[in-house]
Every structure is written in C-alpha cells, then in structure tokens.
Amino acid sequence: MISDFKQILKEFLDENNLSQSDFARRIGVKQGQVSEWLKGKAKPGYDTLRAMSKAFSVSADYFLGLTEIY
C-alpha cells in the first residue's frame, strides 16, 4: 500500500491520464499547488481533499493512503 500522498497523487494522475492543470481545474486550485503536492512540499487541507473526492468520486481514504481502491 502506498502511504505517501505525493506518490498516491502521481499514480492517480497517471492512471487517469490527467495533467496537473486538468486536475487543478477540476478541484478548484491553481496548478502550482498541485505541483507543490507532487514535490512533497505541501499537502491538501480538508476542504481540498473533500473537493478531490467529490470531483472524481473517489474515497478520501484512497488519497489518504488508507485503501488502495478508489
């Protein structure tokens, strides 16, 4: 199981053929923020995690590394 958020996000983007910009647009953040997450310099807050889950119909547990299934 992957537990590092930056790895989880990179895998999610790759598996869904999403660019950082596309992902950012869908959840309402700037592309630069997604870049910071992928570098491991920051992590999303509660509201952003909720937006990610809602925009992609993916459990927050997946993005938190608590489950491998989204």
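## Aromatic cluster and nonpolar core

Ring pairs join F12, F23, F56, Y62, F63 and Y70 into a cluster. The model is predicted: local features require pLDDT of at least 70 and side-chain atom pairs count only at pLDDT 80 or more, while totals for chains, interfaces and linings use all residues. Residues are numbered from 1 along each chain as its sequence is written, and side-chain values use heavy atoms, with hydrogens and water left out.

Rings of Phe, Tyr and Trp (its six-membered ring) pair if their centres lie within 6.5 Å; planes under 30 degrees apart count as stacked, over 60 as edge-to-face and the rest as tilted. By this rule there are nine aromatic pairs. Two of them are tabulated below.

| Pair | Centre to centre | Angle between planes | Class |
|---|---|---|---|
| F12 and F23 | 6.2 Å | 70 degrees | edge-to-face |
| Y62 and F63 | 5.5 Å | 70 degrees | edge-to-face |

Helices here (H or I, at least four residues) are DSSP runs, numbered from the N terminus. Both F12 and F23 are buried, where buried means under 20% relative accessible area (1.4 Å probe, protein chains only). Y62 is also buried, with a relative accessible area of 3%, and F63 counts as buried at 1%.

A nonpolar core is a set of buried Ala, Val, Leu, Ile, Met, Phe, Trp, Tyr and Cys residues joined through side-chain atoms within 4.5 Å. The largest such core has 17 residues, of which L9, F12, F23, W37, M52, F56 and F63 touch the most other members. Helix 1, helix 2, helix 3 (31-39), helix 4 (46-56) and helix 5 (60-63) each give two or more residues to this core; helix 1 gives the most, with five.

In helix 1, the residues F5, I8, L9, F12 and L13 are buried. They lie on the same side of helix 1, because they cover an arc of only 130 degrees around the axis, the arc being that of the directions from the helix axis to the C-beta atoms. The cover over the buried residues of helix 1 includes helix 2, helix 3, helix 4 and helix 5.

Contact means heavy atoms within 4.5 Å. Apart from neighbours within four places in sequence, W37 is in contact with F5, K6, L9, F23, I27, V29, A42, K43, P44, T48 and M52. S53, in helix 4, is buried at 14% relative accessibility. Beyond its neighbours within four places in sequence, S53 is in contact with V58, S59, A60 and F63.

How values were computed. Buried < 20%, exposed > 50% of the residue type's maximum accessible area, 1.4 Å probe, protein only.
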